[in-house]
Amino acid sequence: MDHASSTLTTSSRTAFERPTDEKVNWVSSLPFLAFHVVAVVGTIVFGITPIALAMFVVMVWGRIWFITAGYHRYFAHRSYRTNRAFQLFLAVGGVMCVQKGPLWWAGHHREHHRNSDTEGDVHSPLKGFWWSHVGWILCDKFAEPPLERIKDFAKYPELRFVEKWNGTFAWLTAVLCFLIGGWSGLFFGFFMSTVVLWHNTFLVNSFAHVFGRRRYVTDDTSRNNFLIALTTLGEGWHNNHHYYQASARNGFFWWEIDLTYQTLRVLSWFNIVRDLKVPSAEMLASNRIADGNLDVGMARAERVRAEAASVKA
Ligand SMILES: [Zn+2]
Ligand SMILES: [Zn+2]
């Protein structure tokens with residue numbers, strides 16, 4: 001497991017110089033930054049009531065399900081099929097997460113898989129750890145949905161409507177939280193839960209490409225990370241995922257907890273979702289780094305880093 005356990009240090013991972021159009025726009029990012037301040041100050045001032053605490057749990061882990069099962073495994077990867085009404089339900093649940101619309105999210109995510117850990121990757125940690133975590137979201141270049149990458153869903157008028165009005169849906173969610181839990185429900189139940197939900201989601205783009213183990217040969221730096229799998233309902237099995245992107249199941253073995261897949265299985269019993277793609281036994285057993293296969297992703301990452309260092313020297 002030598003290769004699987006090898007870890008580049010964070011500081012050594014900035015291999016790519018970002019092009020000049022890939023930088024944070026601090027002015028347009030002010031609402032995003034202010035959102036964090038409002039969450040902290042509001043929670044301190046109004047405290048945490050029992051109802052707000054319950055809302056917080058539901059708003060972090062209930063909502064992230066719409067990101068993992070909806071935005072990611074359905075819209076970005078089409079790892080299962082469903083009917084048009086449930087597709088719309090997934091989209092509306094997704095926009096309540098305040099991570100823009102399904103076309104924006106899934107389109108950019110497809111771009112990540114097309115160009116993983118190359119200059120074309122929107123959020124490779126090889127462009128900088130914080131860039132991969134949050135910087136790319138605050139950059140004008142990626143502000144619009146890449147519709148050419150997501151034509152298969154952009155053709156639905158109801159999805160374009162949800163996409164267009166995603167901000168309104170997000171604020172309606174805030175109003176709902178206020179009506180249920182008062183000021184504490186608003187600041188802790190909505191603002192703070194949204195901040196935690198954001199960074200919980202972003203961990204997959206940053207930490208799960210830096211910390212963890214690599215089981216399969218992939219031409220990127222993706223890793224399996226148990227802790228992130230727990231906090232993100234199964235998305236931490238990110239090396240598995242990059243190995244077989246179309247799978248509805250990211251935890252490939254029984255000990256790899258993947259609550260998103262388990263809930264999709266339950267929904268499939270009622271025929272709400274169907275045709276869940278899962279890896280074959282042969283696929284699970286092949287291309288293991290531990291079997292002596294060259295770790296292509298790490299070899300490439302090391303090479304790119306060395307080249308960047310020699311240019312600087
Ligand atoms: Zn990735
Ligand atoms: Zn993916």
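Start by selecting L233, which sits in the loop between α10 (226–231) and α11 (238–243). Helix names here come from DSSP runs (H or I, at least four residues; strands are E, at least two), numbered from the N terminus. With 22 C-beta neighbours inside 10 Å, L233 counts as buried. Buried means that 20 or more other C-beta atoms lie within 10 Å of a residue's own, exposed means 12 or fewer, and partly exposed is in between, with C-beta atoms placed from the backbone. L233 is not a glycine, yet its phi is positive, about 55°. Most residues other than glycine have a negative phi.

Before moving on, a word on ground rules. This is a predicted model, where local features need pLDDT of at least 70 and side-chain atom pairs count only at pLDDT 80 or more, while totals for chains, interfaces and linings use all residues. Residues are numbered from 1 along each chain as its sequence is written, with chains lettered from A and ligands numbered from 1 in the order in which they are written.

Now pick D117, in the loop between α5 and α6 (129–133). D117 also has a positive phi, near 55°. Is D117 buried or exposed? It counts as buried, because 26 C-beta neighbours lie inside 10 Å.

Next, select helix α5, residues 102–114. Its 13 residues reach 18 Å from first C-alpha to last, close to the 18 Å expected at 1.5 Å a residue (that is, 1.5 Å times one less than the number of residues). Buried residues in α5 include W104, W105, H108, H109 and H112. Show α3 (50–76), α4 (84–95), α7 (151–154) and α8 (157–164) too: the buried residues of α5 pack against them.

W65, T68, A69 and R73 of α3 meet T260, T263 and L264 of α12; contact means C-beta atoms, placed from the backbone, within 7 Å.

Last stop: residues 169–198, one of the stretches that an unreviewed UniProt entry annotates as "transmembrane region". Such annotations may be inferred rather than shown by experiment. The chain there is 100% helix, with end C-alpha atoms 16 Å apart.

Technical notes: Two residues are in contact if their C-beta atoms, placed from the backbone, lie within 7 Å.
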